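Please look over the sequence and the model below before reading on. The paragraphs that follow go from one residue to its surroundings and then to the whole chain.

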Amino acid sequence: TDVSGPAGPDGAKGVVLGEGERYDTKLTPGKIFVGGLSSDASEADVKEYFGAYGTIADVVVMRDKLTGTGRGFGFVTFADGNVADRVVSQRHEIKG
């Protein structure tokens with residue numbers, strides 16, 4: 001799985017959002033891109049995997065609007081931007 005980020009400046013802290021709230025996609029500290037996901041990977045799978053690294057503020061797996069099938073990528077936002085820095089320095093495999 002390809003992971004890149006963070007989407008914000010070094011050392012910036014993320015903010016935990018309430019249920020159902022989403023981040024603005026412009027510049028979000030702690031937000032990383034996750035690519036190479038299988039089409040059946042769910043938000044729960046991604047959250048369970050990356051939750052081992054730190055508190056997750058948000059997870060989005062991009063899906064086809066017509067079929068609901070995963071498009072192979074998504075985004076994870078950590079509450080602490082420093083966690084994102086550590087995560088992107090490693091290779092990851094989810095449901096491999």
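**A histidine and its surroundings**

His 92 is found in the segment that follows helix H2 (81–88), where helices (H or I, at least four residues) and strands (E, at least two) are DSSP runs numbered from the N terminus. The model is a predicted one, in which local features need pLDDT of at least 70 and side-chain atom pairs count only at pLDDT 80 or more, while totals for chains, interfaces and linings use all residues. Residues are numbered from 1 along each chain as its sequence is written, and side-chain values use heavy atoms, with hydrogens and water left out.

Is His 92 buried or exposed? With a relative accessible area of 2%, His 92 is buried; the word buried means under 20% relative accessible area, exposed means over 50%, and partly exposed lies in between (1.4 Å probe, protein chains only). The side chain of His 92 makes a polar contact of 2.8 Å with the side chain of Tyr 49, and another polar contact, of 3.4 Å, joins the side chains of His 92 and Tyr 53. A polar contact is a pair of N or O atoms within 3.5 Å; within protein, one must be able to donate a hydrogen and the other to accept it, and residues adjacent in sequence count only if both atoms are side-chain atoms.

Both tyrosines also belong to a cluster, in which ring pairs link Tyr 49, Phe 50, Tyr 53 and Phe 78. A pair of aromatic rings is described by the distance of the centres and the angle of the planes. Rings of Phe, Tyr and Trp (its six-membered ring) pair if their centres lie within 6.5 Å, and planes under 30 degrees apart count as stacked, over 60 as edge-to-face and the rest as tilted. The structure holds 7 aromatic pairs. In the pair of Tyr 49 and Phe 50, the ring centres are 4.9 Å apart and the planes stand at 90°, so this pair is edge-to-face. Tyr 49 is partly exposed, with a relative accessible area of 24%, whereas Phe 50 is buried, with a value of 0%.

**Charged side chains**

The structure holds 1 salt bridge, a term for a side-chain nitrogen of Lys or Arg within 4 Å of a carboxyl oxygen of Asp or Glu. Here the side chains of Glu 43 and Arg 63 meet (3.5 Å, N to O). Because Glu 43 lies in helix H1 (residues 43–50) and Arg 63 in strand E3, the pair ties together parts that are 20 residues apart in sequence. Glu 43 is partly exposed at 28% relative accessible area, and Arg 63 counts as partly exposed at 30%.

**A loop and the whole chain**

Thr 67 has its place in the loop between strand E3 (56–63) and strand E4 (70–78). Thr 67 is exposed, with a relative accessible area of 56%, and its side chain makes a polar contact of 3.1 Å with the side chain of Thr 69.

Taken as a whole, the protein has 2 helices and 4 strands, and from the N terminus on its elements run β-β-α-β-β-α. Buried residues make up 35% of the 96 residues. Of the contacts with a separation of 6 or more, 65% are accounted for by residues 24 or more positions apart, where contact means heavy atoms within 4.5 Å.
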